[in-house]
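Open the model in your viewer and keep the selection tool at hand.

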Amino acid sequence: MSNNQNSMNALQFSETGTPDTVLQLTKISIPEPGPNEIRIKVRASPINPADLLFIQGTYRQKPVFPQTAGLEGTGIIDKVGPGVARAKGQLVAFRHKGAWAEYVILPLDKIIELPGDFPLEKACQMALNPITAYALLKETKLKRNDWLVVTAGNSAIAQIIVQLAQLKKINTILVVRSWSQNDDEYLKKLGAKAVLESNSKDLADRIVKLTNAEGINSIVDAVGGDITNILLNTLKPGGMMITYGLLSNEKVSFHNSEIIFKNITIKGFGVDYWLNTLTTKELLKMHSFLTTTIGKPNFIMPAVKKYNAKKIQSALQDYKTHRNGKIVLTQFQ
């Protein structure tokens with residue numbers, strides 16, 4: 001804890017901008033939980049793309065200044081508000097503003113309870129990407145031996161989708177921006193049947209050939225633009241494309257005939273909207289499945305480097321160049 005028993009460290013920003021210029025490690029008062037709230041002592045928080053967008057002011061959630069950064073993490077319940085029946089010391093994962101601090105206040109319904117021995121590098125990633133990957137795969141309605149293409153193939157979500165799909169014996173092709181031997185080996189180790197570069201001139205032909213000319217059952221796309229136009233042509237009749245990201249600034253364009261005569265379905269996906277469609281029973285079932293599955297040693301969700309919050313500039317620099325794993329903040333004292 002900080003030297004002052006009533007204060008804590010927090011990475012804050014008072015204006016939107018580039019994270020390495022606007023973020024400051026600041027002393028602020030330790031917050032107190034109110035009714036239906038709990039206080040978490042943060043143990044680890046990853047640096048996600050959404051965190052940078054939030055600091056830049058371009059994320060769907062907007063900062064309220066001065067704003068503590070960070071949108072996801074893990075920690076232990078330190079204190080509960082009036083009427084809250086939760087055990088202190090319980091390990092939880094969460095997704096909420098203010099994660100890059102020693103303590104964060106959360107509504108009770110924003111936590112995912114985890115076993116006490118759950119690995120921290122996985123726990124700090126549990127509240128967003130695994131849920132998104134689980135939901136996207138579920139929405140495809142794919143069956144054993146079906147074929148799935150996932151763009152942004154090096155992303156954390158794509159890597160989780162591949163591993164979950166392998167459990168269901170679904171064949172996955174990952175499309176990456178730039179191909180390398182190391183990435184190819186790593187992603188195939190996770191379960192990908194093939195790793196293809198997005199700017200390959202014969203990308204569509206290679207994909208269809210992998211399916212023995214039958215075509216793809218579903219596409220999960222985080223990019224948009226030209227690559228989406230190309231991939232649409234690989235879908236078999238009755239196929240589906242789900243788009244959940246916008247890494248490209250270019251628009252997708254297609255002729256109606258491309259989707260009408262093959263009965264193609266194109267749908268958007270937002271995780272918060274999807275979560276709101278679940279019953280409490282369905283939500284608990286998902287959390288239980290993901291906790292059990294991801295907690296296993298052979299499920300890969302690496303943290304490639306861990307940093308004290310005082311080294312945030314180094315952490316941000318590493319984030320720009322890291323591959324196949326998260327940069328994680330693990331100390332705020």
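Predicted model: local features only at pLDDT ≥ 70, side-chain atom pairs only at ≥ 80, totals over all residues.

Residues are numbered from 1 along each chain as its sequence is written, and side-chain values use heavy atoms, without hydrogens or water.

Now select helix α4, residues 129-140. Helices here are DSSP runs of H or I, at least four residues, and strands are runs of E, at least two, numbered from the N terminus. From first C-alpha to last, α4 reaches 17 Å, close to the 16 Å expected at 1.5 Å a residue. That expected span is 1.5 Å times one less than the number of residues.

Is α4 enclosed or open? Because 11 of its 12 residues are buried, α4 is largely enclosed by the rest of the structure. Buried means under 20% relative accessible area, exposed over 50%, and partly exposed in between (1.4 Å probe, protein chains only). Colour the buried residues, among them Pro130, Tyr134 and Glu139.

Next, pick Thr265, in strand β14 (residues 265-268). Thr265 is partly exposed, with a relative accessible area of 35%. Which residues does Thr265 contact, leaving aside neighbours within four places in sequence? They are Gly239, Met240 and Met241; contact means heavy atoms within 4.5 Å.

Thr265 and Lys320 are 55 residues apart in sequence and 35 Å apart in space, C-alpha to C-alpha.
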